[in-house]
Amino acid sequence: SKKAIVIGAGIAGLAAAVRLANKGFQVQVFEANAYPGGKLSEIEIKGYRFDAGPSLFTLPDQVEELFRISGKNPSDHFQYIKLPVACHYFWEDGNQVKAWADINQFADEVETKLGEPADNVRKALKSSAFIYDHLSPLFMHRSLHKLNTWTNKEALKSYLKMGKLGIFSTMNKANEKRFVQPKMVQLFNRYATYNGSNPYQTPATLNIIPHLEFNIGAFFPKNGMHDITLSIYRLALELGVDFTFNAKVDEVLVDNHKASGVLVNGQKYLADIIVNNMDMVNAYKSILRKQKQPKLLLNQPKSSSALIFYWGIKKNFAELDLHNILFSDNYREEFEHIFHKKTIYHDPTVYINITSVYKPDDAPKGCMNWFTMINVPNNQGQEWDKMIIEARKNIIAKINRILKTDIESLIEVEDVLEPRTIESRTSSANGALYGNSSNNMYAAFLRHANYSSTIKNLYFCGGSVHPGGGIPLCLLSAKIMTEMVEENLEAK
Ligand code: FAD
């Protein structure tokens, strides 16, 4: 049988391994870390468990599909629930809104609490669905780099609706048209952060994102986010995929414009195809350093990064949900700091994710595991140590004001993740969470393709290539990549 080598066991590398094994490949995965999952891993400190990176789960179908194509019943291996409340929002003036999964309930809530006409919400979510229906077949499920993507019927239909799809406006401008209340504009602008972009720059097309959360749903894996990694990893093992951990690939071997294998610890491993799951910018600096560099693609601005405090909190806050947002008083300034000043705003929007709300064994009894995160610029060599100390003070002050507490005295355990450690643990360029940012209308076209146009048998998946970052898109990148492998095999 044919052999495939996958470089990296991030979520896309795992999905690629599963898909290629299903196509009859003998698959070998090399992972630099001692564990699978990359950004989607977990940490444990003194009885508290934390999902280390991603906390929001959308499009669970993308995970389930991996089990279905392997002839298994997904729910025997991976279970999740649909959240009744996608997020609990708090403002400094005491206002609070729950984003109910039931759209009418959410619409009524914002009408009562914020004075936003309920109909505006329903209309906005319809227009998000419109964008999704027109763009997802084109941008999410196919390679953008093949001619037939641009000449099929769906593509032609979409061209006719460019204006309505928001390509020529920004997310913020579109939201200012849809809503009368600044708080609603802010709530919907926040979706730009789901792929690390700036709502004041990113095309209104990204208003596609609320469709995922409201019209399809926000979900939570019963065993925590890390179970997405573990269940796909176990599936790969069952399919006979071979994993080598603590195995950093040093080079992709290329002969005659053809990838033929990899070099790991001075040893050569040969294969028919090589699939790279490592961040593209760092891959071209390391394992592909001898190859022609696609400079334009590599120089695109990166998405934002994150500063996370994992806090074991020795108290139960009944008012908090799984996802909580404590909004900044000046959102525009906050993003100005993240994307232009490349520093941290003194009143950042604080996100608190608490899995123990749904998975009580993630914290000791009467306690909560707080994943407390703010969006920060990606790493440009700022004075992070100083910035982190300052940000921690501001985050604590904000939590104390809004939740009327003294949170510092309740912190029992603490760990920190920040742009430098995000980069050192997963090789993502500048510690960006989602590869390139989507801050202009060309971004979708300036992500690296799922294959190399100059080196045969070399393919790519993961958050830094098409269709982009975030779990669902990473999983789709593995699907698009596998389809290309198949097409190329058939063409031979
Ligand atoms: P990565 O997770 O980047 O892993 C790449 C793997 O390759 C790593 O394991 C690395 O060790 C390995 N590797 C690199 N170089 C080599 C080499 N030379 N040899 C061998 N192995 C190598 N997404 C969501 O959907 N929802 C969220 O709520 C969300 N929140 C996030 C919060 C944070 C703090 C972070 C960091 C990310 C978040 N994301 C979220 C984004 C999401 O985590 C990523 O898009 C996704 O996990 C990236 O997966 P990937 O397959 O590209 O690989």
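These questions and answers cover the domains and salt bridges of a predicted model. Local features need pLDDT of at least 70, side-chain atom pairs count only at pLDDT 80 or more, and totals for chains, interfaces and linings use all residues. Residues are numbered from 1 along each chain as its sequence is written, and side-chain values use heavy atoms, leaving out hydrogens and water.

User: What area do domain 1 and domain 2 bury between them?
Analyst: The bounds come from an automatic or database domain assignment. Domain 1 is 3–38 + 225–299 + 436–491, and domain 2 is 102–216. Buried area is the accessible area (1.4 Å probe) that two parts lose on being put together, summed over both. Carbon and sulfur atoms hold 59% of a total of about 1,600 Å².

User: How many salt bridges are there between domain 1 and domain 2?
Analyst: A salt bridge is a side-chain nitrogen of Lys or Arg within 4 Å of a carboxyl oxygen of Asp or Glu. A search of the whole structure finds 26. Between domain 1 and domain 2 the count is zero.

User: Which residue forms a salt bridge with E92?
Analyst: E92 lies in the loop between β6 (85–90) and β7 (96–100). Its partner sits in helix α14 (residues 384–403), so the pair ties together parts 306 residues apart in sequence. The closest N and O atoms are 2.8 Å apart, and the partner is K398.

User: Is K398 buried or exposed?
Analyst: Buried means under 20% relative accessible area, exposed over 50%, partly exposed in between (1.4 Å probe, protein chains only). K398 also meets D347 in a salt bridge. At 0% relative accessibility, K398 is buried.

Key
Helices (H or I, at least four residues) and strands (E, at least two) are DSSP runs, numbered from the N terminus.
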